[in-house]
Amino acid sequence: MGDLQDSVEKYLENNPQFAKEYYDKKVRVEVITAAFRENLDIKDPSSYKDVSQIQEATIIFDLIKELQTEEAMEKSMHKVLQRICLLVNADRCSYFVVRARNGIPELATCLFDVTPTSKYETNLVNPLAEIVFPTDVGIVGLLATSKKGVNVPDVKQVGGTIRLVQLFFLLSLFNKYLNFASVVALQHYTKYMWNVESRRSQVLLWSASKVFEELTDIERQFHKALYTVRTYLQCERYSVGLLDMTKEKEFYDEWPVKLGDVEPYKGPKTPDGREVNFYKIIDYLLEAKEEIKVIPGPPADHWALVSGLPTYVAENAFICNMMNVAADDYFAFQKAAVDETGFIIKNVLSLPIVNKKEEVVGVATFFNRKDGKPFDEQDEQITEALTQFLGWSVLNCDTYDKLNKTEWKKEIAQEMVMYQTRASLAEVQEILEKFDMDPEDCDQKEMYKLLRANIPEAKDVDLLEFHFSDFPLSEFDLIKCGIRCFFELGVVEKFKVPAEILTRWMYTVRKGYRDITYHNWRHGFNVGQTMFCLLQTGRLRKYYSDLDAFAMVAAAFCHDIDHRGTNNLYQTNAAPLAKLHGSSILERHHLEYSKTLMAEENLNIFQNLQKRQFETVQHLHDVCIIATDLALYFKKRTMFQKIVDATEPMPDEKEAIAYVSNNPTRKEIIMAMMMTGCDLSAITKPWEVQSKVALMVAAEFWEQGDLERNVLQQEPIPMMDRNKSDELPKMQCGFIDFVCSFVYKEFSRFHKEITPMFDGLNNNRAHWKELADVYQAKLDAIANEKKKLEEAENKKGLFYTHFFS
Ligand SMILES: [Zn+2]
């Protein structure tokens with residue numbers, strides 16, 4: 001045998017051509033034979049030990065075939081590993097995947113303890129049970145970072161328990177067989193990346209087209225983009241929380257904090273300093289039947305918020321990719337089903353939506369990747385691209401909004417020029433006779449004398465009376481009366497308001513009011529006059545400086561300027577743009593308008609003030625005009641009542657004055673309540689006045705009701721429904737009881753000088769009640785009549801039934 005072997009060896013060495021041909025032929029035969037075999041049927045691997053050399057080609061061919069299959073990567077990899085195990089005579093081997101989350105690479109078990117005979121299902125690691133460890137730990141970690149194979153002959157030496165372990169990194173060259181594993185993995189990876197790329201481009205394409213399509217309404221825009229991309233995101237649910245963008249709170253929302261009634265906000269803040277407040281949540285539930293839910297003012301325990309993750313993301317502007325959240329103890333994710341659908345949160349990817357100004361405008365959170373795996377780096381990239389688009393779209397809205405506001409201002413200015421809203425010289429001369437244009441020729445003292453001579457005395461027109469009525473006066477007379485108020489306050493001389501500027505301003509304010517049924521110049525004037533009266537006759541002036549009083553009366557005259565006869569609700573329904581401006585839409589417009597007047601040199605009654613004084617005036621205009629939004633009245637009620645409660649037992653007037661005037665917040669709250677008292681003052685006027693004014697208010701409401709019915713195709717509320725006009729007395733009683741009564745009752749408790757207003761109110765209440773009762777009696781009578789008729793009919797019916805039966 002030895003001899004034969006030697007001679008064969010020698011022969012082959014001397015005839016390499018023959019040797020090559022022989023093996024080529026021989027191997028090909030083996031390979032072809034193997035190719036026709038269905039399976040590689042390995043029953044006992046140990047028996048193959050000696051024949052492994054012969055089996056090699058078969059096994060390799062089998063592996064090549066595996067590359068062609070369309071099966072899941074894990075399944076292919078499993079087969080590859082089984083064969084590798086066999087070839088290298090390993091007991092078992094495992095497959096770890098390298099991926100990155102949150103920018104940190106990590107290793108995760110994918111196939112565990114694969115032996116040549118083990119089942120795929122038992123080796124495949126459930127994504128929820130996978131073991132994850134960083135790449136700088138252990139042998140596997142070392143492999144992943146070094147990308148070189150390691151052969152540990154006896155793991156006992158390195159502290160392991162298995163006798164022999166072959167470890168490898170998928171892209172490394174451990175030995176020639178491992179290349180197959182690498183190819184399987186690489187092929188899978190390429191396919192996956194292609195899929196990622198195509199999804200990414202689709203996501204970008206869709207969001208781009210949708211984002212720029214809709215420019216007016218930010219939420220609709222977000223929704224459109226998010227809804228369109230839903231199939232590409234491949235997750236079971238996602239939820240978008242929109243953050244409140246107000247940096248500075250409205251002055252009235254600061255009051256409770258400034259008064260110490262409410263603790264200052266100590267919760268999380270966005271990086272640019274805003275309170276983290278999700279004012280709206282849009283949930284996309286895609287796991288079963290597609291469902292989208294919009295939740296305004298979501299509760300803190302809303303399923304998508306309760307974990308605290310979106311808040312954390314809003315606070316830090318980090319991307320957070322969390323796997324197996326049930327095991328997480330930093331965030332309080334619900335472990336059980338989040339709702340009745342039985343949905344359980346497994347993996348979560350949460351991203352901030354950041355606009356170009358680097359402000360976090362919202363947080364998008366994605367739940368459970370559809371294939372059950374954790375979100376990976378690619379998911380992070382796709383969703384980041386999407387949230388970036390959403391962030392940019394916000395900027396578009398902002399720009400649009402700003403553009404629109406400037407347009408609005410321009411519009412007001414243009415209107416004033418075009419429609420000659422600004423008082424002309426001739427008009428100014430109607431009041432300020434013999435006034436000529438050149439200011440240098442005008443001695444202000446002379447001018448004041450001239451002006452005073454041409455306007456009525458306060459006592460002649462009851463200017464200082466709460467029961468003042470504008471009915472006997474013309475609209476032109478009211479302009480003069482307005483000027484008189486400022487002289488009475490003593491602010492004209494003190495703040496050096498040029499006579500012709502005051503005249504022009506007052507005339508222009510009058511012209512700024514439209515010729516509508518109720519919210520016209522007469523209403524504007526009445527509110528200014530009541531403010532003047534509260535300060536002087538009601539003695540509320542003692543809490544305020546002359547400058548305050550000046551600004552308050554001026555703001556009161558302007559408070560409804562350019563009113564269009566429809567209320568905020570109608571504006572919100574009719575113009576989607578109005579939603580962008582938030583609350584108090586109309587009031588903000590009146591405010592804008594009055595500030596436009598201040599910005600004009602020859603209309604600015606505050607032109608001779610110092611900068612700080614002017615800023616005070618502007619702020620008081622904000623407070624006074626916005627305060628007339630009745631929606632805010634309910635916010636300030638209790639705060640006002642507390643001030644009244646506190647000052648009532650004070651025996652010394654000085655104490656009360658100090659209590660109020662040393663505290664700017666209390667001053668503002670009273671001021672805001674005074675504005676409400678002025679705005680509603682018609683309800684306190686003598687019955688002859690109130691009964692007529694109430695009809696005017698009603699008529700304007702009915703006009704809006706008609707608009708709602710005809711233009712918006714909505715049923716108006718009873719108050720605005722002219723078909724329910726008979727119910728006016730009853731509605732007036734309700735209005736008095738629920739809104740007005742508190743105001744005048746508290747004011748007369750605060751200052752007894754204001755009691756005439758409360759008396760007037762009660763007198764009107766009695767009148768309305770009487771009318772309501774009369775109407776009710778009429779209704780009752782009709783109902784009675786009807787009942788009698790029905791009874792009669794019934795009797796008749798009974799009679800006939802009886803007769804024919
Ligand atoms: Zn008003």
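Entry 1: I began with Asp560, which counts as buried because its relative accessibility is 5%; buried means under 20% relative accessible area, exposed over 50% and partly exposed in between, with a 1.4 Å probe and protein chains only. I note that this is a predicted model, in which local features need pLDDT of at least 70 and side-chain atom pairs pLDDT 80 or more, whereas totals for chains, interfaces and linings use all residues. Residues are numbered from 1 along each chain as its sequence is written, and side-chain values use heavy atoms, with hydrogens and water left out.

**Entry 2: the zinc ion.** I then looked up which protein atoms are donors of the zinc ion. They are His523 (NE2), His559 (NE2), Asp560 (OD) and Asp679 (OD), at 1.9 to 2.2 Å from the ion. Donors are N, O and S atoms within 2.8 Å of the metal (3.2 Å for Na, K and Ca); water is not among the atoms, so sites may look incomplete. I found the donor residues spaced H-x35-H-D-x118-D in sequence. His559 is also buried, at 0% relative accessibility.

I next checked the geometry of the site. The angles among the 4 donor atoms run from 85 to 175°, and the site is irregular. Four donors count as tetrahedral if all angles lie between 85 and 135 degrees; four count as square planar and six as octahedral if opposite donors are over 155 degrees apart and all others between 65 and 115; anything else is irregular.

**Entry 3: salt bridges.** I asked how many salt bridges the rule gives. The count comes to 31, a salt bridge being a side-chain nitrogen of Lys or Arg within 4 Å of a carboxyl oxygen of Asp or Glu.

I looked up Asp253 and Lys635, whose side chains meet in a salt bridge at 3.2 Å, N to O. This pair links distant parts of the chain, 382 residues apart: Asp253 is in helix 10 (residues 251-258) and Lys635 in helix 23 (residues 630-647). Helices (H or I, at least four residues) are DSSP runs, numbered from the N terminus. Asp253 is partly exposed at 29%, and Lys635 is partly exposed at 43%.

I also recorded the salt bridge between Glu648 and Arg749, at 2.9 Å, N to O. Glu648 lies in the loop between helix 23 and helix 24 (653-661) and Arg749 in helix 27 (residues 728-750), so the pair ties together parts 101 residues apart in sequence.

Asp376 and Arg369 form a salt bridge at 3.3 Å, N to O. Asp376 is buried at 10%, and Arg369 is buried at 9%.

Technical notes
Helices (H or I, at least four residues) and strands (E, at least two) are DSSP runs, numbered from the N terminus.
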